[in-house]
Amino acid sequence: MRPGGWGQGSTVTDAAWEAGYASVEGFSRAFTRAYGHPPSSVGGAEGSTWLPAGNGIHFHPPTSLWVHSTEQTMNPLTDQLVRHDLDDTRVLLELAKGLSDEVFRQVRIPGHEVNAWEGPEESIAVVLEHHVGTKEVWLAAIDGDDLPERPADASAADLLERHDEVAARWLAFVRGVEARAGWDDRLIDALCEPPESFQLGSVVAHVLTFAAHRRQLARHLLRSAGVETDDGDPITWLRAERGEHA
């Protein structure tokens, strides 16, 4: 699948036909599974990206097949952990969008900290902002960019927009590390004072660990605000993705 080949301004329907799909629904499901967000949320700077194919064969409309005999797909466990985190985050942000601003920012666990260096996370708003912002900060370090802007007054809708943007980049980063077997590669993070060195595998493990914690913490806080939520079980998520019944 190669979004950069569609041309800027294409509709989802046009892209589905050009990519060789028989239905828009099938294309949307495949795109969301691959990139972590629906095709309707793709921005203008998405770029050209090849995704791994299990058999190493890519369909290149209208007539060509491009074959990569050594191509490897991502480890299924890593793939499920990363994609479940991204999908589950979106579920929680959609729920948070239904809250009033007052309820969204209400202090519910005074003095609570997830990490001492990140400060208190006492409300639904701050927990979810730190959850989304963690991936933004790590990707800035990986890409050599400046620290991202993180407005203190971001709404749930703002966070959902930020999540949809960072999700595709984070998924592409993890898949890139897996594809080149680069888990032991090291990142020199110039955003730290002084700069620090991190093993890439530990970075991904760090993000997934605190992401899981914050997602469950967000569920607890949403329930305290009267919002009904599921339990965030990845088994249930995978069954739903595959259309299986419990």
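**Figure 1. Aromatic pairs in a predicted model.** Two aromatic pairs turn up in this structure. A pair here means rings of Phe, Tyr or Trp (for Trp, the six-membered ring) with centres within 6.5 Å; planes under 30 degrees apart are called stacked, over 60 edge-to-face, and the rest tilted. With ring centres 5.1 Å apart and planes at 90 degrees, W138 and F198 make an edge-to-face pair. This pair ties together distant parts of the chain, since W138 sits in helix α5 (residues 124–143) and F198 in strand β4 (residues 196–199), 60 residues apart. Helices (H or I, at least four residues) and strands (E, at least two) are DSSP runs, numbered from the N terminus. W138 is buried, at a relative accessible area of 11%; buried means under 20% relative accessible area, exposed over 50%, and partly exposed in between, using a 1.4 Å probe and protein chains only.

Before the next view, a word on the model: it is predicted, so local features need pLDDT of at least 70 and side-chain atom pairs count only at pLDDT 80 or more, while totals for chains, interfaces and linings use all residues. Residues are numbered from 1 along each chain as its sequence is written, and side-chain values use heavy atoms, with hydrogens and water left out.

**Figure 2. The W170 and F173 pair.** How far apart are the ring centres of W170 and F173? They are 5.4 Å apart with planes at 40 degrees, so this pair is tilted. Both residues belong to helix α6 (residues 156–179), three residues apart, or about one turn of the helix. W170 is buried at 0% relative accessibility, and F173 is buried too, at 12%.

Figure 3. Helix α3 covers residues 76–96, which makes 21 residues, and stretches 30 Å from its first C-alpha to its last, close to the 30 Å expected at 1.5 Å a residue. That expected span is 1.5 Å times one less than the number of residues. At the start of α3, a side-chain oxygen of N75 comes to within 2.8 Å of the backbone nitrogen of L77.

Figure 4. Is D85 buried or exposed? D85, which lies in helix α3, is buried, with a relative accessible area of 1%. If you skip neighbours within four places in sequence, D85 is in contact with H131, K135, L208, A211 and R215. Contact means heavy atoms within 4.5 Å.

**Figure 5. L128 in helix α5.** L128 is found in helix α5 and is buried, its relative accessible area being 2%. Not counting residues up to four places away in sequence, L128 touches L92, L93, A96, F104, L159 and A218. The C-alpha atoms of L128 and L217 are separated by 9.4 Å, though these residues are 89 apart along the chain.

**Figure 6. Helix α7 and the residue after it.** After α7 comes G226, with a positive phi near 85 degrees.

Notes: A polar contact is a pair of N or O atoms within 3.5 Å; within protein, one must be able to donate a hydrogen and the other to accept it, and residues adjacent in sequence count only if both atoms are side-chain atoms.
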